[in-house]
Amino acid sequence: MGSDRLAERLRERGYRATPQRLAVGRAMQRLAHHATADQVAEALARDMPGLALPTVYAALEVLETLGDVRRVATIGGTAYFETTARPHHHAICTRCGTIEDLEAEAGLKPVLEAARRVGFADARAEVTILGTCPRCRGRTP
Ligand SMILES: [Zn+2]
Ligand SMILES: [Zn+2]
């Protein structure tokens, strides 16, 4: 999605299309999955010197409200974000915080239907599997 489109969608939702929000949106498209606010700030350090971490965080939260970005997990107080362009599930190691993308069909229809029954619209669902990764188990996968 282009940043013009993001600017438009920000305005539609009553947000100002600030250069910071647009830059964070672009950085999230560019960065690998599961970026922290720190990594986003780092990626933008050259383009936007002086961009403060709280500003990045706030921009990520706005993009989350828009549905462009989602919080994958918060591990040891650090939140990991990714774009919602490619829906998938996750396995997260509860010891070291490793996040693996999982490409699998999940039978979430009954859960989404239950959400609709309690009045939720635009519902989406992803599965997060918690466990111990092979490295923490001292094995290769
Ligand atoms: Zn681990
Ligand atoms: Zn992911």
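Visitor: Which pattern of helices and strands does the chain follow when it is read along the sequence?

Guide: Read in that direction, the chain goes through α-α-β-α-α-β-β-β-β-α-β, which amounts to five helices and six strands. This is a predicted model, and the C-alpha atoms of its chain fill a box of roughly 45 × 40 × 25 Å along the principal axes. Of the 141 residues in the chain, 31% are buried.

Visitor: How should I read the strands, and in what order do the three strands of the open sheet stand?

Guide: The general idea is that strands of a sheet pair through backbone hydrogen bonds, either parallel or antiparallel. In this structure the three strands of the open sheet are arranged β1-β3-β2, with antiparallel pairing. β1 and β2 are the edge strands, each of them pairing on one side only.

Visitor: What does β4 pair with, and in which sense, parallel or antiparallel?

Guide: β4 has two partners to consider here. With β5 it pairs in the antiparallel sense over four bridges, and A91 has E100 in β5 as its bridge partner. With strand β6, residues 128-131, β4 pairs in the parallel sense, again over four bridges, and I92 stands opposite L130 in β6. The hairpin of β4 and β5 has five residues between the strands, and G97 in that hairpin takes a positive phi near 85°. As for burial, strand β4, residues 89-93, is mostly covered, with four of its five residues buried.

Visitor: How do I read a helix, and which residues of α4 are buried?

Guide: Helix α4, residues 53-66, has 14 residues and reaches 20 Å from its first C-alpha to its last, close to the 20 Å expected at 1.5 Å a residue. Its buried residues are V56, A59, L60, V62, L63 and L66. These lie on the same side of α4, because they cover an arc of only 160° around the axis. α4 is followed by G67, with a positive phi near 90°.

Visitor: How many residues of α5 are buried?

Guide: The count for helix α5, residues 109-117, is zero among its nine residues, and the helix is hardly covered. α5 is followed by G119, whose phi is positive, near 95°.

Visitor: Where does D68 lie, and is D68 buried or exposed?

Guide: D68 is in the loop between α4 and β2. Burial is judged by relative accessible area, with under 20% as the cut-off, so D68, at 8%, counts as buried. The side chain of D68 also makes a polar contact of 2.6 Å with that of R9.

Visitor: How do I read the metal site, and which residues are the protein donors of the zinc ion (ligand 2)?

Guide: The protein donors of the zinc ion (ligand 2) are H34 (NE2), E82 (OE), H88 (NE2), H90 (NE2) and D101 (OD), and they lie 2.1 to 2.2 Å from the ion. The spacing of these donor residues in sequence is H-x47-E-x5-H-x1-H-x10-D. H34 lies in the loop between α2 (19-30) and β1 (35-36), whereas D101 lies in strand β5 (residues 99-102), so the pair ties together parts that are 67 residues apart in sequence.

Visitor: What are the relative accessible areas of H34 and D101?

Guide: H34 has a relative accessibility of 13% and counts as buried, whereas D101, with a relative accessible area of 26%, is partly exposed.

Visitor: How many disulfides does a search of the whole structure find?

Guide: The search finds zero. Among the cysteines, C96 is partly exposed, at 36% relative accessible area, while C133 is buried, at 11%.

Definitions and conventions: Residues are numbered from 1 along each chain as its sequence is written. Chains are lettered from A and ligands numbered from 1 in the order in which they are written. This is a predicted model: local features need pLDDT of at least 70, side-chain atom pairs count only at pLDDT 80 or more; totals for chains, interfaces and linings use all residues. Side-chain values use heavy atoms; hydrogens and water are left out. Helices (H or I, at least four residues) and strands (E, at least two) are DSSP runs, numbered from the N terminus. The expected span of a helix is 1.5 Å times one less than its number of residues. Buried means under 20% relative accessible area, exposed over 50%, partly exposed in between (1.4 Å probe, protein chains only). The arc is that of the directions from the helix axis to the C-beta atoms. Donors are N, O and S atoms within 2.8 Å of the metal (3.2 Å for Na, K and Ca); water is not among the atoms, so sites may look incomplete. A polar contact is a pair of N or O atoms within 3.5 Å; within protein, one must be able to donate a hydrogen and the other to accept it, and residues adjacent in sequence count only if both atoms are side-chain atoms. A disulfide is a pair of cysteine sulfur atoms within 2.5 Å. Two strands pair if DSSP finds at least two bridges between them.
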